[in-house]
Amino acid sequence: MGRMLKLTLAAIAAVATVATHAQAPQAPLKVGLMLPYTGTFAALGNAIENGFKLHVNEQGGKLGGREIQYFKVDDESDPSKATDNVNKLIKRDAVDVIVGTVHSGVALAMARAAKESNTLLIVPNAGADAITGAQCAPNIFRSSFSNWQPGYATGVVAAGKGYKRAMTITWNYAAGNETVKGFTEAFEKGGGKVIKDLSLPFPNVEFQALLTEIAAQKPDVVFAFFAGGGAVKFVKDYDAAGLKKTIPLVGSGFLTDGTLEAQGASAQGLITALHYADNIETPRNEAFRKAYALAYKANADVYAVQGYDAAQMLGAGLTAVKGDFGKRDALQAAMQKTIVGSPRGKFAISSSRNPVQDFYVREVKGTYNVMTGVAVKQLADPGRGCKS
């Protein structure tokens with residue numbers, strides 16, 4: 001009898017152990033945020049983080065049933081520190097997912113490290129073409145754009161306005177050079193000619209000599225790619241040089257996104273093309289903007305949207321595998337197949353894991369980038385060089 005009792009108790013204990021394991025909550029998913037928190041792009045990094053966390057908070061602090069634990073690294077927008085910084089997250093913190101970054105040069109180093117370590121990477125801004133081109137990998141996704149896309153869309157807009165001779169100006173780094181290439185491709189396809197490309201080192205903002213050259217060449221239009229603090233100074237300097245009155249300025253939307261209050265009167269009337277505009281009149285965008293304003297006492301911008309959508313994409317993958325991050329292949333397949341219900345409008349993910357999305361024509365009115373039309377519908381990056 002004693003022996004039977006012992007066996008029964010052992011059986012009960014075993015069942016209880018199994019039940020306990022079955023009910024044991026999954027550990028929090030470790031999300032590493034590698035973003036610029038200082039320097040020219042600091043405001044952009046903060047908006048991306050805010051957008052990401054807004055979506056997570058709307059889901060009760062979880063994605064796919066998993067609690068989220070955050071780890072943060074300031075990338076300082078410095079490519080020379082990028083490998084060391086990303087390894088703090090991969091090796092020191094052993095994160096499951098990395099979300100970052102803004103600067104294309106930093107993001108390229110992050111993509112290399114993510115590919116080597118098979119860490120899931122979601123890029124919420126940096127448009128370096130190679131990330132979803134030659135360096136593409138099944139574990140690397142983008143919730144933003146390729147540099148080619150907004151450049152190409154703006155080239156379509158400029159050619160459509162009948163401009164024939166253009167000059168371009170940007171920082172001499174991946175984002176600027178690739179955006180200019182996209183602009184040139186579309187503008188020349190539309191019958192125009194880029195007569196000169198001007199550039200200066202990142203993050204230099206001494207524009208005077210280049211503005212003098214623009215005044216001397218008298219193109220029909222100038223295309224500019226700058227962002228953050230550099231965009232503020234460029235737009236003000238262009239106006240102060242008297243060029244705004246004589247030579248139309250167009251840009252990819254980063255020229256005027258998140259910068260309008262600082263640019264003031266100098267930005268009024270500027271035409272840009274981007275995959276987001278403040279006044280997209282859909283219930284999805286209106287609800288997002290209201291929630292963001294309540295949470296952060298600030299207006300949402302494209303950076304906030306891209307952070308928000310990075311969380312949506314990760315959430316779609318986690319939901320598909322019921323929070324089991326060990327099922328990485330299934331999770332990544334689900335992320336690629338999802339249609340993201342974004343504030344910018346619905347978008348699909350291409351075979352190279354880049355958004356296929358509408359690009360809008362926007363005009364600066366007051367402190368808003370007001371949508372005045374669609375530049376290109378469902379524009380897909382060509383993903384040149386992507387083999388996986």
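The following questions and answers cover salt bridges, strand pairing and helix packing in a predicted model.

Reader: What do the numbering and the confidence limits rest on?
Author: Residues are numbered from 1 along each chain as its sequence is written, and side-chain values use heavy atoms, with hydrogens and water left out. In this predicted model, totals for chains, interfaces and linings use all residues, while side-chain atom pairs count only at pLDDT 80 or more and local features need pLDDT of at least 70.

Reader: How many salt bridges are there?
Author: A salt bridge is a side-chain nitrogen of Lys or Arg within 4 Å of a carboxyl oxygen of Asp or Glu. Side chains of opposite charge can pair when their charged atoms come close. By the 4 Å rule, the count is 12.

Reader: Arg92 and Asp93 meet in a salt bridge; which of the two is buried?
Author: The N to O distance of this pair is 3.1 Å. Buried means under 20% relative accessible area, exposed over 50%, and partly exposed in between (1.4 Å probe, protein chains only). Arg92 has 55% and is therefore exposed. At 12%, the buried residue is Asp93.

Reader: Is Lys193, which forms a salt bridge with Glu188, buried, exposed or partly exposed?
Author: The closest N and O atoms of Lys193 and Glu188 are 3.7 Å apart. Glu188 has a relative accessible area of 32%, so Glu188 is partly exposed. Lys193 has 48%, which makes Lys193 partly exposed.

Reader: How many residues apart are Glu213 and Lys196?
Author: Their side chains meet in a salt bridge at 2.4 Å, N to O. Helices (H or I, at least four residues) and strands (E, at least two) are DSSP runs, numbered from the N terminus. Glu213 lies in helix α7 (residues 208–217) and Lys196 in strand β8 (residues 193–200), so the pair links distant parts of the chain, at a separation of 17 residues.

Reader: Which residue of β14 is the bridge partner of Val364?
Author: Two strands pair if DSSP finds at least two bridges between them. Strands β13 (residues 355–365) and β14 (residues 368–379) pair in the antiparallel sense over 8 bridges. They form a hairpin with 2 residues between them, and Gly366 in the turn has a positive phi of about 65°. The partner of Val364 is Asn369.

Reader: Which are the edge strands of the open sheet of 6 strands?
Author: The strand order is β2-β3-β1-β4-β5-β6, and the pairing is mixed. An edge strand pairs on one side only, and those that do so are β2 (62–63) and β6 (140–142).

Reader: What stands opposite Val123 in β6?
Author: Strand β5 (residues 120–123) runs parallel to β6, and 3 bridges join them. The residue opposite Val123 is Arg142.

Reader: Are helices α3 and α4 parallel, perpendicular or oblique to each other?
Author: Axes are lines fitted to C-alpha atoms, for helices over the stretch in contact (heavy atoms within 4.5 Å), with angles from 0 to 180 degrees between N-to-C directions. The axes of α3 (residues 82–92) and α4 (residues 104–117) come within 9 Å and cross at roughly 45°. Angles under 35 degrees count as roughly parallel, over 145 as roughly antiparallel, 65 to 115 as roughly perpendicular and the rest as oblique. The two helices are therefore oblique.

Reader: Which residues of α4 meet α3?
Author: On the α3 side, the residues are Ala82, Thr83, Val86 and Ile90. On the α4 side, they are Val106, Ala109, Met110, Ala113 and Ser117.
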